[in-house]
Amino acid sequence: MKEYDVVIAGSGPSGAAAAKGLVNEGLSVLVLEKKRLPRYKICSGIIFKKSQDITEKYFGEIPTSAYVTPEHLRGVRFWSDDENYKDYPFNKGGIGAPNIWRSEYDYWLVKKSGAEIKDYCALTDFNDTDDYILLKAHHNLNDEVIDIKCKYLISAEGGKSVIRAKLDPEFEKSLKWFTAYQNYYEGSSSLEPEFYHGFLEPQYGEVYAWFSVKDGLQVFGTAAAKGKKIKPYLLKYTELLEKKFNLKRGKMIRKSGCIGNNMCPEGKFYLGKNNVLLVGEAAGFLNAFGEGISCALTSGLFAADAISKSIKSNGNALELYTDLTKRERKQTTTSWRLGARLAGRDLMPI
Ligand SMILES: Cc1cc2nc3c(=O)[nH]c(=O)nc-3n(C[C@H](O)[C@H](O)[C@H](O)COP(=O)(O)OP(=O)(O)OC[C@H]3O[C@@H](n4cnc5c(N)ncnc54)[C@H](O)[C@@H]3O)c2cc1C
């Protein structure tokens, strides 16, 4: 059975940042990713200033292969109705925020971490004994179950985490879920492509409805509480884009969906148990309007710091991690309050 200091489930930005921090401290690290890499991730792919600074500090310049056209977005344009908007510039005075494909950016990050990576291989179960953790992973390619042993386990699984569900089924049961849906069409529209557009009127979605342009594709989507029908919102929103913003839809290139939960807007963080830590969205780190890369990177780095310090000094990683993330948790929670004020309503009423 193979042994590692740390196994990380998930190769998104939180997993990659945790891996990078741990490898830098000389620890043996395995990243398990259930999808084949580079994997598609539903996202607007905007790298905000904080994410860019952390990326450059720990990983280097974002490779040109990750950028799309337009390469930078000048800001977010929030529409209070179909005629009135207010602009919020990204990166004041700078060239704006990088506009990227998550598949390329995330894959580059995790490769740069220097950790061993097993893709197409999902963590399916684990057992935390006093001395070590035993994991089971399922390799999809050859339908093989792999046993792995480690000292620490990190869940970087995103909003839906099998690790969190096993650690605390009661907490999991208390969560409320929403569905997000996003279309990618060839075509054109009159909406300014160098802005990310947010439509705040509740008739277009229960969080907000968004629009951006990536490599000529018209990318737009919306969200609704799970169990509620998302289609009527999407139809109404598409009608708005067509009638008021001259959206012309050509071939549909992709449609995608995902689920998220109410951990972040309600400040319900779940940081871990014993030698299992949760980072990124699995732990509840997601800012208002769905910006989550910055806190994924930060929490991943904090988890790495907490684990490496604990190994060196025989300390308690979870206590250290809880302490290190205090400010980030506060900022994330505050962002939802500020977001609600800006939108003039509760942003995720689920
Ligand atoms: C529509 C939409 C638009 C968004 N736009 C932006 C944006 O423009 N900018 C921004 O900053 N944020 C954006 N976000 C938020 C951002 O995408 C997330 O907050 C961020 O990806 C969280 O990173 P993570 O590492 O925690 O999880 P993820 O990026 O979700 O990565 C989790 C990984 O874990 C893998 N995994 C899950 N379970 C297992 C398992 N058991 N074993 C192995 N692997 C597993 C998954 O396949 C996945 O690759 C957006 C989100 C949505 C839904």
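Which helices and strands each supply at least two residues of the shell around the ligand?

## Ligand shell

In this predicted model, the elements that each give at least two residues to the shell around the ligand are α1 (13-24), β2 (29-33), β8 (121-128), β11 (177-188) and α7 (293-313). The largest contribution is that of α1, with 3 residues.

The ligand has 39 residues around it, of which G10, G12, G158, G280 and G292 come nearest. Sorted by class, the shell holds 17 nonpolar, 14 polar and 8 charged residues. Both domain 1 (2-45 + 101-175 + 263-343) and domain 2 (177-261) provide at least three residues of the shell.

## Helix α8

Helix α8 covers residues 317-324, and A317, L318, L320 and Y321 in this helix are buried. These residues lie on the same side of α8, because they cover an arc of only 160 degrees around the axis. E319 and D323, on the other side of α8, are exposed. An α-helix has 3.6 residues a turn, so residues three or four places apart point the same way.

The packing partners of the buried residues of α8 are β10 (144-155), β16 (272-273), β17 (276-278) and α7. Helix α7 also supplies at least two residues of the shell around the ligand.

## Overall fold

The chain contains 9 helices and 17 strands. Its radius of gyration is 20 Å, close to the 20 Å from the globule rule for 350 residues, so the chain is as compact as a globular protein of that length. The C-alpha trace spans about 60 × 45 × 40 Å along its principal axes.

Of the 350 residues in the chain, 47% are buried. Among contacts between residues at least 6 apart in sequence, 70% join residues at least 24 apart.

Notes:
Residues numbered from 1 in each chain as written. Predicted model: local features only at pLDDT ≥ 70, side-chain atom pairs only at ≥ 80, totals over all residues. Near = placed C-beta within 6 Å. Helix = DSSP H or I, 4+ residues; strand = E, 2+ residues; numbered from the N terminus. Nonpolar A, V, L, I, M, F, W, Y, C, P; charged D, E, K, R; others polar. Domains from an automatic or database assignment. Buried ≥ 20, exposed ≤ 12 C-beta atoms within 10 Å, placed from the backbone. Arc of directions from axis to C-beta. Contact = placed C-beta atoms within 7 Å. Rg over C-alpha atoms; globule rule 2.2 N^0.38 Å.
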